[in-house]
Amino acid sequence: MRQADDVSMSTADAAQEAAVVELVRSVLDGDLIGVQRYGSAVHDGLRRFSDLDLLVVTRRTIGPARRRALVEGLLGISGPEPGARPRPVELTVVVAGEVRPWRYPPRVDLQYGEWLRPELSTGAEPPSGPDPDLAVLLTSVRERGVALAGPRATELLDPVPHEDLVRAVLDGLPGLLAELHTDTRNVVLTLARMLVTVRTGRIAPKTEAAELVLPRLSDNDGNVLAHARAVHAGEQEALPAELPGLDDFAARMAAAIRQAAIRADAG
């Protein structure tokens, strides 16, 4: 597991990340155990549309006043526009005792992301509670997380059994498909990564997952995935206004994920 100085970031991105870590330290103080960088920054590098992804591990649940302080601070640090600067921040807080020893489904204590800004800006409570997708996130952090505060991820988190990773993918699939036409690029790439995860137990970067899946697809389905990969990689400005076969692609990918899960369970 690498430390923070093993990954290069732009000066602006590093300063924004440092501001988030300082906010977390000041609000949580002695209840903070660790902060981990994960996501694109530790996989294939921050791209145009990449968020700054951070996991925070605490000793106990965050009370209402400190939850509001964190949210208010993040609303000021995080960028509201994908592809613009400052970058959007996705920050997930878990209580150590809720994820270690491991059990499914894991619980998130606080979630911040730019998709929540409209509600959080008006004083709404940030989400908390059982979150199957946290199994995927914690696996990603254990695999490649970078400690920005506190111990290494392998000292903070238990490994997630492969069967629970598969459960998490299947539990998260309906919600992901519901966002196909509002968050197309991300959904298309996440479907590819889900398929790789179910087959291998590994959380591949989105571009790598797309490259692994593309050779097995038909021309039409491959065209959908290739467009999404190109936009994510910065090789293409935006997705076409109409992506022929998008719904069919998503349906076939979902079926492939479910079939791979059946095979994983049988194995």
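Strand β2 is covered on both faces: Leu 52, Leu 54, Val 56 and Thr 58 are buried on one side, and Asp 53, Leu 55 and Val 57 are buried on the other. Counted together, seven of its seven residues are buried. The model is predicted.

- Five strands make up an open sheet with mixed pairing, in the order β5-β3-β2-β1-β7.
- The edges are held by β5 (110-112) and β7 (146-149); each has a single partner strand, so one side of each has no neighbour in the sheet.
- On average, neighbouring strands of this sheet are turned by 20 degrees against each other, direction ignored.

**The partners of β2**

- On one side, β2 (residues 52-58) pairs with β1 (residues 32-38) in the antiparallel sense, over six bridges.
- Within this pairing, Gln 36 is opposite Leu 55, and Arg 37 is opposite Leu 54.
- The pairing of β2 with β3 is parallel and has seven bridges.

- Helix α2 (residues 64-77) lies across β3 (89-95) and β5, and runs at about 15 degrees to β5.
- Helix α5 (residues 134-144) also packs on the sheet, where it touches β1, β2, β3 and β7; its direction makes about 85 degrees with that of β1.

**Helix α1**

- Helix α1 (residues 11-28) has 18 residues, which should span 26 Å at 1.5 Å a residue; the end C-alpha atoms are 26 Å apart, so the two values agree.
- The buried residues of α1 are Asp 13, Gln 16, Glu 17, Val 20, Val 21, Leu 23, Val 24, Val 27 and Leu 28.
- These residues lie on the same side of α1, because they cover an arc of only 155 degrees around the axis.
- An α-helix has 3.6 residues a turn, so residues three or four places apart point the same way.
- The buried residues of α1 pack against β1, β2, α2, β3 and β7.
- Thr 11, Ala 12 and Ser 26 are exposed on the other side of α1.

**The nonpolar cores**

- The largest nonpolar core has 52 residues, of which Leu 55, Leu 191 and Leu 225 touch the most other members.
- At least two residues of this core come from each of β2, α5, α6 (153-156), α7 (162-177), α8 (184-200), α9 (206-213), α10 (219-232) and α11 (246-266).
- Helix α8 gives the largest share of this core, nine residues.
- Leaving aside residues up to four places away in sequence, Leu 191 touches Leu 173, Leu 176, Leu 177, Phe 249, Ala 250, Met 253 and Ile 257.
- There is also a second, separate core of 28 residues, and Leu 28, Ile 62, Val 71 and Ala 149 are among them.

**Leu 195 in helix α8**

- Leu 195 is part of helix α8.
- Its relative accessibility is 3%, so Leu 195 counts as buried, the cut-off being under 20%.
- Leu 195 touches Val 213, Met 253, Ala 256, Ile 257 and Ala 260, again without residues up to four places away in sequence.
- Leu 195 and Ala 254 are 59 residues apart along the chain, and their C-alpha atoms are separated by 8.5 Å.

Conventions
Residues numbered from 1 in each chain as written. Predicted model: local features only at pLDDT ≥ 70, side-chain atom pairs only at ≥ 80, totals over all residues. Heavy atoms only, no water. Pairing = 2+ DSSP bridges. Helix = DSSP H or I, 4+ residues; strand = E, 2+ residues; numbered from the N terminus. Axes fitted to C-alpha atoms, helices over the stretch in contact; angles between N-to-C directions. Contact = heavy atoms within 4.5 Å. Expected span 1.5 Å × (residues − 1). Buried < 20%, exposed > 50% of the residue type's maximum accessible area, 1.4 Å probe, protein only. Arc of directions from axis to C-beta. Core = buried A, V, L, I, M, F, W, Y, C linked by side-chain atoms within 4.5 Å.
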